[in-house]
Amino acid sequence: SSENYVSWNWKANGSGSTNNDGNQASSVSANQAAGFSIASFTGTGSWTTYGHGLGVIPEVVITKSRSASGDWYFVHNVVDGSLDYLVLNTTAANSNASGTLPSSSIFYSSYSNNQTVVAYCFASKPGFSKIGIYTGNGNASGPFISTGFKPAWVMIKRTDSAAEWVMFDNKRSPFNVVDKVLLAENSVSEYTIANMLDINSNGFKMRDTHSSRNANNGVYLYMAFAESPFKTANAR
């Protein structure tokens with residue numbers, strides 16, 4: 001009662017259907033226009049391929065066991081094109097991943113036999129989403145990151161060093177400079193820091209020098225989603 005909450009939502013495509021593109025079947029709900037799908041599958045105890053339904057190569061696949069405790073694995077190919085992973089519930093730096101890069105139809109994953117798992121798969125779509133990296137400059141006038149749209153939501157994670165997962169949006173901070181942040185890996189409540197970043201009509205610009213956002217030569221992965229994604233808007 002009387003607490004404040006925020007919710008960020010991605011629309012897939014209904015309850016899903018069986019996908020047999022991989023060596024093991026998955027149940028997939030895919031919104032190809034938005035570059036987003038949800039795949040559920042059962043682990044085999046070894047590296048196995050599963051279909052994701054995107055029709056393009058996913059840049060990020062976030063997996064979590066549904067039947068056992070464990071980490072949220074954030075598997076990606078964004079930093080150098082190879083398969084790497086971060087852990088969404090920790091501050092750990094980027095690590096090389098086992099397995100093989102995903103294709104336009106399948107991704108690789110390894111979970112214990114009979115574990116039930118969910119995967120959230122993302123690919124950048126012009127005018128709707130952008131997943132990429134930038135390098136910090138350690139200056140209060142930080143780098144500008146072009147997305148080609150005005151972002152509604154941005155998540156940033158330093159990859160070359162341990163750092164928080166910082167999340168910003170245009171509902172909690174409707175005006176520049178964006179100053180309200182939540183952390184994906186931490187249960188701490190929302191806090192305010194002046195001059196973190198600007199949300200612009202075609203991207204976002206860093207405004208501080210904190211190591212989790214803009215250390216000199218720091219390498220940062222980001223995910224951004226558009227405020228008005230006209231190219232993938234639902235008809236009415």
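## Close-up views of a predicted model

**View 1. Strand β5 and its partners.** Strand β5 pairs with β10 in the antiparallel sense over 6 bridges. Strands here are DSSP runs (E, at least two residues), numbered from the N terminus, and two strands pair if DSSP finds at least two bridges between them. This is a predicted model, in which local features need pLDDT of at least 70 and side-chain atom pairs count only at pLDDT 80 or more, while totals for chains, interfaces and linings use all residues. Residues are numbered from 1 along each chain as its sequence is written, and side-chain values use heavy atoms, with hydrogens and water left out. In β10, V118 is the bridge partner of K64. Strand β5 also pairs with strand β6 (residues 73-76), again in the antiparallel sense, over 4 bridges. There I62 stands opposite F74 of β6.

**View 2. The two faces of strand β5.** Buried means under 20% relative accessible area, exposed means over 50%, and partly exposed lies in between (1.4 Å probe, protein chains only). Which residues point one way from β5, and which the other way? V60, I62 and K64 point one way, V61, T63 and S65 point the other way, and all are buried.

**View 3. The surroundings of T63.** T63 is found in strand β5 and has a relative accessible area of 4%, so it is buried. Its side chain is joined to that of Y111 by a polar contact of 2.8 Å. A polar contact is a pair of N or O atoms within 3.5 Å; within protein, one must be able to donate a hydrogen and the other to accept it, and residues adjacent in sequence count only if both atoms are side-chain atoms. Not counting residues up to four places away in sequence, T63 touches D71, W72, Y73, S109, Y111, V117, V118 and A119. Contact means heavy atoms within 4.5 Å.

View 4. The whole structure holds 18 aromatic pairs. Rings of Phe, Tyr and Trp (its six-membered ring) pair if their centres lie within 6.5 Å; planes under 30 degrees apart count as stacked, over 60 as edge-to-face and the rest as tilted. The ring centres of F36 and F122 are 5.1 Å apart and the planes meet at 35°, so this pair is tilted. F36 lies in strand β3 (residues 36-42) and F122 in strand β10 (residues 116-122), 86 residues apart. F36 is buried at 4% relative accessible area, and F122 is buried at 7%. For F41 and F107, the centres are 5.8 Å apart and the planes are at 65°, so the pair is edge-to-face. This pair links β3 to strand β9 (residues 106-109), across 66 residues. Both F41 and F107 are buried.

View 5. Ring pairs link W8, W10, F36, F122, F128, W153 and F225 into a cluster. Strand β13 (residues 151-158) and strand β18 (residues 219-226) run antiparallel and are joined by 7 bridges. Both belong to an open sheet of 8 strands with antiparallel pairing, in the order β11-β18-β13-β14-β15-β16-β17-β12. At the edges are β11 (129-135) and β12 (144-146), each pairing on one side only.
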